[in-house]
Amino acid sequence: MSEKLLRDHINMPDESPAKLTPLMHAIIRGNTIGVAFLLEHGAAIAYRPAGDTSLTGCHSRALFTAQSRYDQGYPNAGAILRLLSQAIFKESNRLLAER
């Protein structure tokens, strides 16, 4: 996959009513390698589909989904939680540095 194609589509939501991004699909499926790959290539944890006015941001949604999988004993859920936490920490530091 070319870098441009990946960059252009990394946050594209699916056609479902939930408008899940590739990152959310990887989290739901417990795909640690997919989560790591998507985060390394610019997947936005804070991505919100157009028209989504919910107060629950994608940070919360992603963490809640991963935590639920962890609580249910899904394999790889702990590793996914760590990856998400690290990415959120990194993004938070970036935003603070921009102030």
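Visitor: In which hand does H3 pass H5?

Guide: A crossing is left-handed if the near helix is turned anticlockwise from the far one by less than a right angle, and right-handed if clockwise. Here H3 passes H5 in a left-handed crossing. The contact (heavy atoms within 4.5 Å) uses Thr32, Val35, Ala36 and Leu39 of H3. From H5 come Ala79, Ile80, Leu83, Leu84 and Ala87.

Visitor: Before we go on, what kind of model is this?

Guide: It is a predicted model: local features need pLDDT of at least 70, side-chain atom pairs count only at pLDDT 80 or more, and totals for chains, interfaces and linings use all residues. Residues are numbered from 1 along each chain as its sequence is written, and side-chain values use heavy atoms, with hydrogens and water left out.

Visitor: At what angle do H3 and H5 pack?

Guide: Two packed helices are described by the angle between their axes and the distance between the axes. Axes are lines fitted to C-alpha atoms, for helices over the stretch in contact, and angles run from 0 to 180 degrees between N-to-C directions. For H3 and H5 the angle is about 10°, and the axes are 9 Å apart. H3 and H5 are therefore roughly parallel to each other; that label covers angles under 35 degrees.

Visitor: How many helices and strands does the protein chain have?

Guide: Helices (H or I, at least four residues) and strands (E, at least two) are DSSP runs, numbered from the N terminus. The protein chain has 5 helices and 0 strands.

Visitor: Why does Thr32 count as buried?

Guide: Buried means under 20% relative accessible area, exposed over 50%, partly exposed in between (1.4 Å probe, protein chains only). Thr32 counts as buried because its relative accessibility is 19%. Thr32 lies in helix H3. Leaving aside neighbours within four places in sequence, Thr32 is in contact with Asn76, Ala79, Ile80 and Leu83. Other buried residues of H3 include Val35 and Leu39. Helices H2 and H5 are among what covers the buried residues of H3.

Visitor: Which residues touch the most other members of the largest nonpolar core?

Guide: In soluble globular proteins, nonpolar side chains tend to be buried together. A nonpolar core is a set of buried Ala, Val, Leu, Ile, Met, Phe, Trp, Tyr and Cys residues joined through side-chain atoms within 4.5 Å. The largest one here has 19 residues, and Leu23, Ile27, Val35, Leu39, Ile45 and Leu84 touch the most other members. H5 gives the most to this core, with 5 residues.

Methods. Parallel < 35°, antiparallel > 145°, perpendicular 65-115°, else oblique.
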